[in-house]
Each structure stands twice: as C-alpha cells, then as structure tokens.
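Dear colleague,

I am passing on the structure below, together with some notes on what came out of going through it. Please read the notes with the coordinates open beside you.

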Amino acid sequence: MSRSYRHTPIFPLTNSDSERDDKQRWHRRWRRNQRTRLADAVNHQAPAEKLEAISPLPQQAYSNVWLMDKDGRNWWTAQSRAGFAMRHALRGQSVEEQNALRLRSLRRLMGK
C-alpha cells in the first residue's frame, strides 16, 4: 500500500483514528433504554398491542454525531496542500533540503 494515494482529499477534522468508543457508548445507552422500556411494559402487564408499539427511538435521541471524536470532514484543495507543504519546507536549512521536505509532505498528504 505504500504506492497508493488518496483519490479524494477529504480528511477528518481531528487526529482520532476511529469512533469505536463513541459508537460503543451510543449502543450501550440505546440497549439500556430499550431494556428499560421493555421491562416497564412487561412489569405493568401491558397487553400485546402495547408491547408491539414499543419501537426503538432514533439515534439522535441517544447520541449526537457532532460530539463524537470525528465530528466532521474537511476538503483540502490543491492550493491549501501546496501552502502546507511550503510552510513545512521552511524548516529545512538548504534549498535541496527544503525541496525534499516539500515533496515529502505533498506525498504524505496524498499517500495513505
């Protein structure tokens, strides 16, 4: 995969690699609420119609996607990537080193 490159330059807005923990918390809250609603309906000797009426609530009732670790995406244009590479290249001391740093950072931005 070292020669692959990112076809669409869209990046997450954070450094988080995954939303696994957020999704686990959301599912735990959802399942706990479903168990509670079902137990309340059963404990109150609800008729079968009421038990069938208990349907899962939407995801927005338990979680907010904007509060998760990866809360959005950003589109990097070619100009913004070139500007980032130029700023990164200024760390080099010689012209050759600056060119090498610029090329490396451009490859890193596209290669994933």
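Is S105 buried or exposed? With a relative accessible area of 1%, S105 is buried, where buried means under 20% relative accessible area, exposed means over 50%, and partly exposed lies in between, for a 1.4 Å probe and protein chains only.

Before the rest, a word on the basis of these values. This is a predicted model, in which local features need pLDDT of at least 70 and side-chain atom pairs count only at pLDDT 80 or more, while totals for chains, interfaces and linings use all residues. Residues are numbered from 1 along each chain as its sequence is written, and side-chain values use heavy atoms, with hydrogens and water left out.

S105 lies in helix α4, residues 95–110 (helices are DSSP runs of H or I with at least four residues, strands are runs of E with at least two, and both are numbered from the N terminus). The side chain of S105 reaches the backbone oxygen of R102 at 2.9 Å. If its neighbours within four places in sequence are left aside, S105 is in contact with A85 and H88, contact meaning heavy atoms within 4.5 Å.

As for α4 itself, its 16 residues should span 22 Å at 1.5 Å a residue, and its end C-alpha atoms are 23 Å apart, which agrees; the expected span is 1.5 Å times one less than the number of residues. The buried residues of α4 are L101, S105 and L109. Seen down the axis of α4, these buried residues fall within an arc of 65 degrees, so they line one face of the helix, the arc being that of the directions from the helix axis to the C-beta atoms. The face turned away from that buried side carries the exposed residues V95, E96, R104 and R107.

Turning to charged pairs, a search of the whole structure finds one salt bridge, defined as a side-chain nitrogen of Lys or Arg within 4 Å of a carboxyl oxygen of Asp or Glu. R25 forms this salt bridge with D22, and the closest N and O atoms are 3.0 Å apart. Both residues lie in helix α1 (residues 20–43), three residues apart, or about one turn of the helix. R25 is partly exposed at 42% relative accessible area, whereas D22, at 8%, counts as buried.

Helix α1 also holds N33, which counts as partly exposed at 26% relative accessibility. The C-alpha atoms of N33 and P56 are separated by 9.0 Å, with the two residues 23 apart along the chain.

Terms used
A polar contact is a pair of N or O atoms within 3.5 Å; within protein, one must be able to donate a hydrogen and the other to accept it, and residues adjacent in sequence count only if both atoms are side-chain atoms.
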